[in-house]
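The report then turns to the pocket around the ligand and to the backbone.

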Amino acid sequence: GEFSLDLRLITNSTNEKLKGEGFAHNKLVVAEYQSAGRGRRGRQWVSPLASNLYWSLGWKTQLPVQQLGGLSLIVGLAIVKALNELNITGVELKWPNDIRYQGRKLGGILVELSGDMVGGLQVIIGVGLNVHMASNAAEAIEQEWINLQELEPTISRQQVLITVMQCLQSYLAHFSECGFESFLPEWQNYDECYNKKVAILQGEDVINGIGAGVDANGAFLLQTGKGIKPIYAGEVSLRFR
Ligand code: BTN
């Protein structure tokens with residue numbers, strides 16, 4: 001199919017730029033700066049100028065919405081694969097959307113649905129990766145974080161973007177064909193939560209348990225005293241306009 005590229009110096013959020021009429025399959029929106037970068041759960045994504053990678057890919061799929069639970073996971077796997085190709089190893093994935101290194105956040109994934117059209121759903125795959133965070137932006141970040149350039153000083157944003165896009169194309173094709181199940185062994189290799197004590201927060205509720213991997217739909221498996229409980233990300237919002 002056709003690819004298109006929309007490069008912006010400034011935008012509110014690359015995910016927003018792809019919504020609605022801006023959407024096209026295989027359209028990649030890249031920005032140098034986001035004035036309203038968003039993370040999951042309504043959080044801000046700190047997006048200073050000329051520091052990091054902020055991009056969103058439009059992806060149209062025939063898969064039913066119930067099968068998209070594993071999508072942000074395979075996007076994470078494609079990013080890990082790309083980083084491995086660039087000699088960055090030791091990166092882990094924290095379900096459902098965090099890319100981490102030794103417990104510090106390297107990047108995040110925000111998958112959203114923009115609506116449906118005849119013959120498919122419109123999915124927006126948004127990714128932010130810390131490459132060389134401007135130091136004056138650092139204090140706004142609430143969690144522990146790290147830059148790719150600390151792991152590989154010679155890395156460039158261009159190199160990372162190209163390599164990630166190449167890996168992502170093949171992972172998306174494979175995901176469309178075979179679903180998430182075929183990625184389970186690969187997920188196990190990078191699953192930061194596996195066998196760790198975790199707490200799942202659902203609204204006011206807290207459920208404690210131990211990470212037991214993910215299931216064939218990409219749901220998190222929490223080992224509790226009462227057996228294994230699947231947890232759904234529940235953050236993929238479906239909007240029709
Ligand atoms: C998270 O970890 O909470 C997800 C972060 C996703 C950030 C990216 S940056 C490009 C795209 N545009 C946004 O507004 N958010 C995503």
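This is a predicted model: local features need pLDDT of at least 70, side-chain atom pairs count only at pLDDT 80 or more; totals for chains, interfaces and linings use all residues.

Residues are numbered from 1 along each chain as its sequence is written, and side-chain values use heavy atoms, with hydrogens and water left out.

Around the ligand there are 21 residues, of which S13, Q34, R38, R40 and K105 come nearest; a residue is near a molecule if one of its heavy atoms lies within 4 Å of it.

| Protein atom | Ligand atom | Distance |
|---|---|---|
| Q34, polar side-chain atom | nitrogen | 3.0 Å |
| R40, polar backbone atom | oxygen | 2.7 Å |
| N97, polar side-chain atom | oxygen | 3.0 Å |

Taken alone, the ligand exposes 410 Å², and the protein buries 99% of that (accessible areas by the Shrake-Rupley method with a 1.4 Å probe). Two or more residues of the shell are given by each of helix 1 (14-18), strand 3 (53-61), strand 6 (104-117) and strand 7 (120-129), and strand 6 supplies the largest share, four residues; helices (H or I, at least four residues) and strands (E, at least two) are DSSP runs, numbered from the N terminus. By residue class, the shell divides into six nonpolar, 11 polar and four charged residues, where Ala, Val, Leu, Ile, Met, Phe, Trp, Tyr, Cys and Pro count as nonpolar, Asp, Glu, Lys and Arg as charged, and the others, Gly among them, as polar.

The lining of the largest pocket comprises 47 residues, and R40, R41, R43, N97 and D98 lie nearest the pocket centre; a pocket is, on a 1 Å grid over the protein atoms alone, an open set of points where a 1.4 Å probe fits, with protein on both sides within 12 Å along at least five of seven lines, and lining residues have an atom within 4 Å of a point. The largest share of this lining, five residues, comes from strand 8, and the lining as a whole divides into 22 nonpolar, 16 polar and nine charged residues.

Two backbone features remain. W95 and P96 are joined by a cis peptide bond with omega about -5 degrees, and P96 lies in the loop between strand 4 (91-94) and strand 5 (98-101). A50, in the loop between strand 2 (27-34) and strand 3, has a positive phi, near 50 degrees, although A50 is not a glycine.

Key: A polar contact is a pair of N or O atoms within 3.5 Å; within protein, one must be able to donate a hydrogen and the other to accept it, and residues adjacent in sequence count only if both atoms are side-chain atoms.
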